[in-house]
Amino acid sequence: MNEALARPAVVSRISDLIGCTPLLELCRTETGSRLLLKLEMYNPTGSAKIRMARAMVDAAEQDGTLRPGGRIIESTSGNTGLGLAVIAAERGYTFTAVVDNHAAADKLRGMKALGTELVYVVDDGTEELATAAREELAEDMARGQDNTIFTEQHNNPANGVGYFPVAHELHQALDGKIDVVIGAVGTGGMLCGTTRELRKLHPDFTTIGVEPKGSIAFGGPAHDYYQSGTGTPEGAEIGALVDFDLIDEGVKVGDVEAFAAARAVARTGLLIGGSAGGVVHEALTRLPSLPPGSTMVALINDGGEKYMDTVFNDDWMNARDLIDPALERETDEKITKLRRI
C-alpha cells in the first residue's frame with residue numbers, strides 16, 4: 001500500500017485509525033467478474049460514518065462555529081452518533097444525540113458509554129423511524145445557543161467530503177480497475193462523496209444507489225422499513241447530499257431480501273449490517289450479467305455486531321415476519337457457488 005494512504009504503526013488518537021479499510025473478494029463468476037466488499041467496519045466504531053463525523057467537526061472548527069468547550073448536537077440512528085461521540089471525546093466537546101427507538105440498542109448503548117447525552121424524540125418505546133421529528137428537535141436545541149452546532153448530517157457538505165479518501169483508497173488498491181460502485185443511500189454522503197471524487201481519478205464506472213423499499217429517494221410508495229441508518233422515510237426531506245446526477249441507477253431492496261443476504265454472508269464468516277445486506281443482495285443479483293472481467297465494489301457501511309438483537313435474532317425477525325429461510329438458502333447457495341469458481 002502507498003505510504004500516503006497507509007496507517008502509521010503507532011497512533012496517538014483513535015481518529016488516526018480512520019480509513020485504509022480492506023477490500024474482500026466475496027465471490028467471482030466463471031467469466032472473471034468479481035464482487036469486492038469495501039469493509040468499513042474496520043474503522044473505529046465499526047462504521048464508515050466516523051469518516052464524515054470527523055469531517056463535519058473539522059469544518060465547524062475551521063469556520064469558527066465550534067470552539068474549545070463547545071457542544072455538538074446531531075439527529076442520528078446510531079452510527080453517525082457513535083462517530084461524533086469519539087471525535088467529541090477526543091477534542092473535549094459535549095455531544096448530544098437526538099435519537100428514536102428505531103436505532104439498534106447496541107448503538108444507543110455505545111453512544112452512552114462514550115459519554116453522549118441521549119435525548120429521545122419519543123419516549124413510548126415505539127420502533128417507528130422518526131427522522132423528521134429528530135432533526136426538528138436537534139435544530140431547535142441548537143438554535144441561539146453559544147458555541148453549539150447542529151451538524152445536520154443530511155445537508156452538511158462536509159459529510160460528502162469526509163468520504164473523498166474512500167475514492168483514493170479504491171483507486172490505489174485497484175489501479176483504477178473499477179466498473180461498478182454500489183452502495184446504500186441514506187444521507188447520500190458516502191455513495192455520492194465517493195463517486196464525486198472517484199470520477200476525478202477514474203471517470204468510466206457506473207454508480208448504483210440502493211435504498212429500502214418504503215424509502216422515497218427513488219420514488220414511492222412510502223411505508224415503514226426496518227433497515228437501520230439508511231433511506232429517506234416518509235415525511236423527511238431528501239438530503240442535499242443525494243446527488244442524482246452522480247447516481248446512474250437507483251434501486252430498492254426490501255427488508256426481507258436485505259436481511260436474508262446479511263444472514264447468508266454471516267455464514268461465510270463475515271458479519272455485516274442489515275442495510276449492507278441490501279447492497280450485497282443487489283450486487284449478487286447483478287454480478288452474473290456484468291461484462292467478463294468486471295470489478296464491482298460494494299460499499300459496506302458497517303458490521304453486523306450491533307444487530308444481534310435484530311437482524312440476527314430469529315425471535316425478533318419472526319415477530320415482524322422478516323425471516324425467509326428459503327431465500328437465505330438460495331443466497332447461501334449463490335455465494336457458495338461463486339466462491340468455488
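## Cysteines

A search of the whole structure turns up zero disulfides, where a disulfide is a pair of cysteine sulfur atoms within 2.5 Å. As a reminder, a disulfide is a covalent bond between the sulfur atoms of two cysteines.

Cys27 is buried, at a relative accessible area of 2%, while Cys20 is partly exposed at 21%. Here buried means under 20% relative accessible area, exposed over 50%, and partly exposed in between, with a 1.4 Å probe and protein chains only.

## About the model

This is a predicted model, in which local features need pLDDT of at least 70, side-chain atom pairs count only at pLDDT 80 or more, and totals for chains, interfaces and linings use all residues. Residues are numbered from 1 along each chain as its sequence is written, and side-chain values use heavy atoms, with hydrogens and water left out.

## Aromatic pairs

The count comes to two aromatic pairs. Rings of Phe, Tyr and Trp (its six-membered ring) pair if their centres lie within 6.5 Å; planes under 30 degrees apart count as stacked, over 60 as edge-to-face and the rest as tilted.

Let's start with Phe218 and Phe244, an edge-to-face pair with 6.1 Å centre to centre and 75° between the planes. Both residues lie in the loop between strand 8 (206-212) and strand 9 (249-253), so the pair ties together parts that are 26 residues apart in sequence. Strands are DSSP runs of E with at least two residues, helices are runs of H or I with at least four, and both are numbered from the N terminus. Phe218 is partly exposed at 22% relative accessibility, and Phe244 is also partly exposed, at 40%.

The rings of Tyr226 and Trp316 have centres 5.5 Å apart and planes at 85°, so this pair is edge-to-face too. It links distant parts of the chain, with Tyr226 in the loop between strand 8 and strand 9 and Trp316 in helix 10, 90 residues apart.

## Around Trp316

Which side of this pair is buried, and which is partly exposed? Trp316 is buried, with a relative accessible area of 13%, whereas Tyr226 is partly exposed at 31%.

Leaving aside neighbours within four places in sequence, Trp316 is in contact (heavy atoms within 4.5 Å) with Glu127, Tyr226, Phe259, Asp309, Thr310, Val311 and Leu322.

## A charge over a ring

Finally, Arg199 lies over the face of Phe205, at 5.1 Å from the ring centre. The rule asks for NZ of Lys or CZ of Arg within 6 Å of the ring centre and within 35 degrees of the ring normal.
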